[in-house]
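Dear colleague,

Please find the structure below. My notes on the sheet and on the contact between the chains follow it.

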Amino acid sequence: MNVSESNQTVEKAIIVSDGCCVRLGDSSVLDDVTFSIEKGKKVAVVGPNGGGKSTLFNAITGLLPIDNGSLTIYGKKPEEVRGSISYVPQKDLLNKNFELTVKQVVEMGLIGKKTLSIFSQRKTNLKIQKSLESVGLLEKIDENINNLSGGQFQRVLIARGLAQNADILILDEAFSAVDVGAQEDIMKLLNDINLEGKTVLIATHDINNLENKFDEVLCLNRHCCAYGDPKEVLTQEVINEMYGSHNEMFRNHNIEKHTNNND
Amino acid sequence: MIEILTEPFSYNFMVRSLIAAVTSGITLSLLGPFTINRNMGFMADAIAHATLPIIAVGVFLGFSISELGVPASILIAIFLGYIIKNSNIGEDTAIGIIFSSFFALGFVLISVLEVTVNLEDLLFGQILAVSRFDVFIILGMCISVVSLITIFFKQLVFYSFDPVGAEVKGLNTNFLNYLFLVLLSVSIVASLQSVGIILVLSLLLIPAASAKLVTNTFHSSIFVSILFGLISSVSGLYCSYFLNLPSGPSMSLMASLIFIICFFINKIKKNVAFFNN
């Protein structure tokens with residue numbers, strides 16, 4: 001890559017991490033993480049538990065401060081661009097002692113700092129309906145969220161992100177606690193969202209067939225083990241670096257294909 | 001029948017008591033669903049107990065509980081919020097330490113300063129002793145709480161269900177957190193004379209918990225919680241008058257009775273749904 005190509009890449013990049021370090025208490029959770037994600041990419045963030053996936057998302061969304069290095073979204077600090085990212089948290093982070101309807105959850109995507117909405121209730125309802133239509137759950141608009149399956153609830157949270165109309169969608173463990181069919185539905189939905197030009201980042205434990213599902217993969221184990229096209233970067237060495245002695249479970253993963261591609 | 005219901009209110013002190021009971025019933029049961037949803041019942045108990053040393057010093061300096069109400073509640077909310085956020089010992093532990101320390105400090109101050117307060121009234125409430133001035137203060141506090149909850153309702157619901165999502169969305173979650181703590185403190189302090197430090201939790205949590213059992217969504221539970229809070233406080237006041245019972249415990253017991261009824265309604269509903277399926 002020559003200098004002008006490199007400059008163009010940096011210009012197109014909307015999330016740029018340059019030697020980013022994040023500490024929690026006395027321990028370093030992310031150390032010297034460098035990558036840049038271009039607009040419209042669909043990126044998988046993989047790594048072991050405790051590898052820093054959620055910490056990276058918390059740093060991107062401005063929930064955790066950067067200890068060293070830099071992390072910018074559209075060239076600005078994460079806390080300066082809040083609202084331009086929609087975040088689908090892990091399911092168990094939500095307080096659900098009381099129940100809400102699907103409509104009330106999606107409406108949260110339209111709630112801003114101002115107490116009086118600039119939208120009329122009619123416009124708000126139209127946006128909610130449009131978002132739910134996109135995720136195929138319009139008929140569930142008045143359903144209690146506790147009556148939904150895990151996959152349907154994930155889609156409701158994605159609809160909330162769509163209602164927010166943010167350019168970047170981040171999903172933390174979107175495929176946990178959902179069956180294979182629901183995973184496929186969510187993936188298809190994310191593909192459609194991605195085709196509309198939105199940048200999508202997903203933390204996942206499933207590293208099989210990443211090359212068929214994602215444009216890029218970010219491999220984390222407290223540091224950036226690799227970043228790039230899954231066909232090229234998911235080598236046996238990178239998997240060893242991420243999962244250490246537990247890499248046996250990824251035997252069926254098509255490493256050879258990647259190695260051949262690299263050759 | 002109507003004469004029996006209106007008879008207590010031929011006395012001025014009973015009219016004042018009714019206003020205090022209604023305002024306590026509304027404000028506490030309005031905040032109850034938010035408190036339960038955020039698992040803040042223990043926090044609310046700590047706020048109630050932390051008022052004791054402030055009341056002791058205030059009464060020693062010549063102020064009434066009503067006059068101390070607003071500054072005391074804001075002070076407690078900010079102090080508790082700060083300590084809990086910045087301590088590394090876990091939220092429950094921090095609340096437990098503050099709770100017991102403040103309560104102990106309150107008793108010591110009452111003894112050392114030789115403050116002339118009726119401890120039983122402070123702990124369990126004495127609504128019949130509410131003065132005209134108290135009524136105005138309590139009404140003002142109630143109107144402020146209801147107005148602010150109405151203005152920030154959507155933001156508070158978002159923060160209550162998904163604090164992380166609300167922060168990422170760009171809401172000022174620090175402000176919302178302290179706002180809720182202040183509103184909770186104000187409601188608790190405003191209700192101290194009605195139900196007392198120990199029983200204030202019953203009007204905060206029991207109507208909301210009862211509403212949760214018989215409603216389907218958060219929004220509907222708020223209205224039902226307020227209804228149950230009103231029924232508990234007013235019927236408790238009647239029981240107190242006609243049966244010559246202490247007012248605070250009467251209100252608490254009425255709230256508990258409603259909870260038991262809702263509990264069985266919920267069980268019956270579940271069983272009916274099970275057999276229908």
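In chain A, Ser86(A) has Leu169(A) of S6(A) as its bridge partner. This is a predicted model, in which local features need pLDDT of at least 70 and side-chain atom pairs count only at pLDDT 80 or more, while totals for chains, interfaces and linings use all residues. Residues are numbered from 1 along each chain as its sequence is written, and chains are lettered from A and ligands numbered from 1 in the order in which they are written.

S5(A) and strand S6 (residues 168-171) of chain A are joined by 4 bridges in the parallel sense. Strands (E, at least two residues) and helices (H or I, at least four) are DSSP runs numbered from the N terminus; two strands pair if DSSP finds at least two bridges between them.

Helix H5 (residues 150-164) of chain A packs on the sheet and touches S5 and S6 of chain A, its direction making about 170 degrees with that of S5(A). Contact here requires C-beta atoms, placed from the backbone, within 7 Å. Angles run from 0 to 180 degrees between N-to-C directions, with axes fitted to C-alpha atoms, for helices over the stretch in contact.

The open sheet has 6 strands in the order S5-S6-S7-S3-S8-S9 (chain A), with mixed pairing. Strand S5 (85-88) and strand S9 (224-228) of chain A are at the edges with a single partner strand each, so one side of each lacks a neighbour in the sheet.

Between the chains, the contact takes 21 residues from chain A and 25 from chain B.

Kind regards

Definitions and conventions: Two residues are in contact if their C-beta atoms, placed from the backbone, lie within 7 Å.
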